[in-house]
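Reader: I've never looked at this one before and I don't really know where to start. Could you pick one part and walk me through it closely, then tell me how it ties in with what's around it?

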Amino acid sequence: MQIKRRQFLKMAAAMSAAFGLGGFSAPVAAALKSLDPNKIPRLIYLQGLSCSGCSVSLLQSENPSPLSMITDYSQLLFHGDLSAASGRRALEVIDAFIDGNAGDYFLAIEGAIPEAMPEACMFGEKTFASYIEDAAATMAGVIAIGSCATFGGIPAAEGNLTGAVSLPEFYKKRNLKPLMITIPGCPVHPDWVWHTITHIVKVGIPKLNQYASPEIFFGKKVHETCPRYHDFQEEVLAQKLGDEGCLFKLGCLGPDSFADCPTRWWNGGQTWCIDANAPCIGCTSPIFARKRDFPFYRQNGSS
Ligand code: SF4
Ligand code: SF4
């Protein structure tokens, strides 16, 4: 099932207006309007040390639908969960682009890279790490999908045996400097990924913050646009889960997390963490899940 471009634009405009995305809606709408089907980006999507949660989240996209996004707005050459091709046929496609000269493509990487145990992630006879390294010479650019690829995330938590590293760390160690965009989140919001891809193709590389993440999504902290910010200022602080007011004393990490969740919302605009009375767990932050003593919920003042 596909939605027509006009329907999509209408919905995108309505959502943008509803969520106050003024600065972003115009270029994206213009981009989609002029989308040239001959120039849609080709994507090779590889998963390393990941739980596939980001892939699941991408499949929850509503506007556009995931099917539309990987057929109308991008051409998905390979994805471990979605591709019909498997085994040797899948490897032939990956090899033709990464190690061959089959043409322009973007690499999308979900998950961290097992630097100290490369054999933990294999594609046929070759390691995930060597594919990523080789791709630096042939790809148009790489997009880190989710906090594991962006910052190391849960696979790189203190004490991990695989020596998991993020994509930026991996390339930095090898002194490789491919065009790279990072999209953190555990999981990523589907809009953050699909709109970034559209932006790259039709508008150009979006302005990036200090972590190479698009400022249109990660330019402000959750705290700055949180609807409970007034409660924070007035010191109306929830003392336990379920209380009204700012969740700061319950360990809310909105002050440490760059993301537009308060204006974008999740699950097709149904809700988001703080709307559901759950403190922000900092899933887009570099500190997310890195230390042994990083509980999702905590009393403020204790770690
Ligand atoms: S609930 Fe969290 S993000 Fe919102 S104002 Fe309080 S501390 Fe900031
Ligand atoms: S509110 Fe915080 S924990 Fe929730 S999705 Fe956004 S950044 Fe992640």
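Author: Trp265 lies in the segment after helix H13 (261–264); helices here (H or I, at least four residues) and strands (E, at least two) are DSSP runs, numbered from the N terminus. This is a predicted model, where local features need pLDDT of at least 70, side-chain atom pairs count only at pLDDT 80 or more, and totals for chains, interfaces and linings use all residues. Residues are numbered from 1 along each chain as its sequence is written, chains are lettered from A and ligands numbered from 1 in the order in which they are written, and side-chain values use heavy atoms, leaving out hydrogens and water.

Back to Trp265: its phi is near 65 degrees, a positive value in a residue other than glycine. Trp265 counts as partly exposed because its relative accessible area is 23% (buried means under 20%, exposed over 50%, partly exposed in between, with a 1.4 Å probe and protein chains only). Asn267 also lies in the segment after H13. Phi of Asn267 is near 55 degrees, again positive in a residue other than glycine. At 54% relative accessibility, though, Asn267 counts as exposed.

Now look at Trp266, which is one of the residues around ligand 2; "around" means having a heavy atom within 4 Å of it. Sorted by class, the shell has 8 nonpolar, 2 polar and no charged residues (Ala, Val, Leu, Ile, Met, Phe, Trp, Tyr, Cys and Pro are nonpolar, Asp, Glu, Lys and Arg charged, the others, Gly among them, polar). Take Cys283 from that list: it's buried, since its relative accessible area comes to 16%.

What about ligand 1? Its surroundings are His223, Cys226, Arg228, Tyr229, Phe232, Cys246, Leu247, Phe248, Cys252, Gly254, Pro255 and Ile274. By class, that shell splits into 9 nonpolar, 2 polar and 1 charged.

The two ligands take up two kinds of space. Ligand 2 takes the space of the largest pocket, while ligand 1 sits in the largest cavity; to sit in one, more than half of a molecule's atoms must lie within 2 Å of its grid points. On a 1 Å grid over the protein atoms alone, a cavity is a set of points where a 1.4 Å probe fits but cannot get out, a pocket is an open set with protein on both sides within 12 Å along at least five of seven lines, and lining residues have an atom within 4 Å of a point.

The largest cavity holds about 100 Å³ of space, with the volume being what probe spheres set on the points fill, and points joined across faces, edges and corners. By this rule there are 2 cavities of 30 Å³ or more. Some 13 residues line the largest cavity, and His223, Cys226, Cys246, Leu247 and Cys252 lie nearest its centre. Those lining residues divide into 10 nonpolar, 2 polar and 1 charged. Helix H11 (222–225) and helix H12 (229–234) each supply at least two residues of that lining.

One more backbone detail before you go: Cys186 and Pro187 are joined by a cis peptide bond, with omega about 10 degrees. You'll find Pro187 in the loop between strand E9 (180–183) and helix H9 (190–202).
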